[in-house]
Amino acid sequence: AQSVTQLDSQVPVFEEAPVELRCNYSSSVSVYLFWYVQYPNQGLQLLLKYLSGSTLVKGINGFEAEFNKSQTSFHLRKPSVHISDTAEYFCAVTPRGSARQLTFGSGTQLTVLP
Amino acid sequence: DSGVTQTPKHLITATGQRVTLRCSPRSGDLSVYWYQQSLDQGLQFLIHYYNGEERAKGNILERFSAQQFPDLHSELNLSSLELGDSALYFCASSVDLLAVPYEQYFGPGTRLTVT
C-alpha cells in the first residue's frame, strides 16, 4: 500500500515570491508521482508527473518538482507565484505495475496574497 | 476542459434514497476511475473500470456500485444514502494502455448533498 503526506495544509505567500509545497510518500514498491491542482469549483488538473529519468520535472504554469528517492519526497516549487496560482494542490502516487489508481495526499491550499 | 463530462453537477437528496452519477470519458479512453472527495476523508479512490470490466476496488462501500457500459460511459450508483455520503464525486479517464500509467483526466465532479 502507498501513503502520501503533504506537510502543510495551508501556505500563504505574497505575489512574486517563491513557493515550495512539500510532499513525502511511503510505498513498499516503486511508484510514479504526480502533482494535481484544483481551482475552486473545478476538477483536478495535472501539473506534472515523474515516471523515470531526470529527477527534476517541469510542468505547466512554471511549476517544477524534484524527486528524491532517498528522502521519499516530491516537493513542488515555483520561483515566482501569481494571484492566479491560488488553488489547492494535491500530491499523488500510483505503484509501478498493473494498478492504476491514485493515492492522494490531503492537499495544500496555496493562497497568493497581493 | 478535460473532455470528461459528469452529470448532474449538483444533486440534493434525502437519507435512505438512491442516486446515479454518470460519467462520459474522453473519446478513446478505455479506463474510468471514480474518486470521492470529502472534508474528513480527502480524495479517495473508489473503483476502476477498464473497457467494461472492473479492475480494482478501493474504499468503496457495499452500498455503492458502479458499471461501465459498452459505449464506455460509467455510472456510480449510491444507495441507502447517509449524511456522511455527502461529498464531491469525481470521475477520471485515461487511455490506460499496459506498462505506462497514462495521465488521468478528471471531470468537473458531481456534488452530492444528503439531507
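Eight salt bridges are found over all chains of the structure, which is a predicted model. Side chains of opposite charge can pair when their charged atoms come close. One salt bridge joins the side chains of Asp8(A) and Arg22(A), with 2.9 Å from N to O. This pair links distant parts of the chain, 14 residues apart. Asp8(A) sits in the loop between strand E1 (2-6) and strand E2 (10-14) of chain A. Arg22(A) sits in the loop between strand E3 (19-21) and strand E4 (23-27) of chain A.

Between chain A and chain B, by contrast, the count of salt bridges is zero. Three residue pairs are in polar contact across this interface, with both residues at pLDDT 80 or more. Strand E5 (31-38), strand E6 (44-50) and strand E10 (87-95) of chain A each give at least two residues to the side that touches chain B. The largest share of that side comes from E5(A), with four residues. By class, the side of chain A that touches chain B holds nine nonpolar, six polar and two charged residues.

The extent of the interface was then computed. The size of an interface is often given as the accessible area lost when the parts come together. Here the area buried between chain A and chain B is about 1,600 Å². Carbon and sulfur atoms give 58% of this area. In chain A, the residues that lose the most area to chain B are Leu44(A), Arg100(A) and Gln101(A). Together they make up 38% of what that side buries. In terms of contacts, 17 residues of chain A meet 21 residues of chain B.

Pockets were examined next. Rolling a probe the size of a water molecule over the atoms shows where empty space is left. The largest pocket holds about 620 Å³ of space. Its lining has 29 residues. Nearest its centre lie Gln38(A), Glu88(A), Gln37(B), Leu88(B) and Arg111(B). From chain A, E10 supplies at least two residues of this lining. From chain B, strand E4 (31-38), strand E5 (42-50), strand E9 (87-94) and strand E11 (110-114) each supply at least two. The lining of the largest pocket divides into eleven nonpolar, 15 polar and three charged residues.

The second largest pocket has a volume of about 290 Å³. It is lined by 17 residues. Closest to its centre are Leu44(A), Gln45(A), Asp1(B), Ser2(B) and Phe106(B). Two elements give two or more residues to the lining of the second largest pocket: E6 of chain A and strand E10 (105-106) of chain B. The largest share, three residues, comes from E6(A). By class, this lining has seven nonpolar, eight polar and two charged residues.

A cis peptide bond joins Thr7(B) and Pro8(B), with omega about -10°. Pro8(B) is placed in the loop between strand E1 (5-7) and strand E2 (10-13) of chain B. In chain A, Glu16(A) has a phi near 75°, a positive value in a residue other than glycine. Glu16(A) lies in the loop between E2 and E3 of chain A.

Note on methods: Residues numbered from 1 in each chain as written. Chains lettered and ligands numbered in written order. Predicted model: local features only at pLDDT ≥ 70, side-chain atom pairs only at ≥ 80, totals over all residues. Heavy atoms only, no water. Contact = heavy atoms within 4.5 Å. Buried area = accessible area lost by both parts, 1.4 Å probe. Salt bridge = Lys/Arg side-chain N within 4 Å of Asp/Glu carboxyl O. Polar contact = N/O pair within 3.5 Å; in protein donor to acceptor, adjacent residues only side chain to side chain. Nonpolar A, V, L, I, M, F, W, Y, C, P; charged D, E, K, R; others polar. 1 Å grid on protein atoms, 1.4 Å probe; cavity = no way out; pocket = protein on both sides within 12 Å on 5 of 7 lines; lining within 4 Å. Points joined across faces, edges and corners; volume = space filled by probe spheres on them.
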